[in-house]
Amino acid sequence: MGLFTQIVTLPLSPVRGAVWVVERVVEAAEDEYYDPEPIERELAELERSLLAGDIDEEEFDRREDELLDRLDEIRAYREGTGD
């Protein structure tokens with residue numbers, strides 16, 4: 001980038017900085033949302049609840065299906081992004 005280009009685009013610097021910050025926030029949010037670890041912990045806790053008798057088989061099946069669907073979504077996202 002030449003000196004002239006830097007001078008001409010200088011007024012856009014705050015916008016570029018704000019865009020960069022927003023991109024980093026979005027990346028962090030996606031990393032957190034698409035992290036399979038909390039879902040896997042929930043599945044383990046769900047199984048413990050079933051074995052302890054805190055929930056019945058029907059509740060277990062319903063919640064397990066929801067969590068497994070979420071894991072499928074996470075895996076599909078990660079395969080699509082190359083992670």
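Arginine 70 is found in helix H4, which covers residues 57-81; helices here are DSSP runs of H or I with at least four residues, strands are runs of E with at least two, and both are numbered from the N terminus. The model is a predicted one, in which local features need pLDDT of at least 70 and side-chain atom pairs count only at pLDDT 80 or more, while totals for chains, interfaces and linings use all residues. Residues are numbered from 1 along each chain as its sequence is written, and side-chain values use heavy atoms, with hydrogens and water left out.

Helix H4 has 25 residues, and from its first C-alpha to its last it reaches 36 Å, close to the 36 Å expected at 1.5 Å a residue; the expected span is 1.5 Å times one less than the number of residues.

Is arginine 70 buried or exposed? Arginine 70 counts as buried because its relative accessibility is 15%, where buried means under 20% relative accessible area, exposed means over 50%, and partly exposed lies in between, using a 1.4 Å probe and protein chains only. Also buried in H4 are Phe60, Leu67, Leu71 and Ile74, and what covers the buried residues of this helix includes helix H2 (13-33) and helix H3 (36-52).

Leaving aside its neighbours within four places in sequence, arginine 70 is in contact (heavy atoms within 4.5 Å) with Tyr33, Tyr34 and Ile39. The side chain of arginine 70 also reaches the backbone oxygen of tyrosine 33, at 2.2 Å.

We can now turn to the charged pairs. Side chains of opposite charge can pair when their charged atoms come close. The structure holds eight salt bridges, a salt bridge being a side-chain nitrogen of Lys or Arg within 4 Å of a carboxyl oxygen of Asp or Glu. In one of them, glutamate 73 is joined to arginine 70, with the closest N and O atoms 3.3 Å apart, and both residues lie in helix H4, three residues apart, or about one turn of the helix. Glutamate 73 is partly exposed, because its relative accessible area is 34%, whereas arginine 70 is buried.

Which residues are linked with Glu59 in a network of salt bridges? The network links Glu59 with Arg62, Arg63 and Glu66. Between glutamate 59 and arginine 62 the closest N and O atoms are 2.8 Å apart, and these two residues of H4 are three residues apart, about one turn of the helix. Between glutamate 59 and arginine 63 the corresponding value is 3.7 Å, and this pair, also in H4, is four residues apart, again about one turn. Glutamate 59 is partly exposed at a relative accessible area of 26%, as are arginine 62 at 41% and arginine 63 at 34%.

Finally, consider a part of the surface. Leu12, Val15 and Val19 make a nonpolar surface patch of about 250 Å². Leucine 12 has its place in the loop between helix H1 (3-9) and H2, and leucine 12 counts as partly exposed because its relative accessible area is 46%.

Conventions: Polar contact = N/O pair within 3.5 Å; in protein donor to acceptor, adjacent residues only side chain to side chain. Patch = residues over 30% accessible without salt bridge, like charges linked within 9 Å, V, L, I, M, F, W, Y side chains within 5 Å. Areas by Shrake-Rupley, 256 points an atom, 1.4 Å probe, with all protein chains shown as cover.
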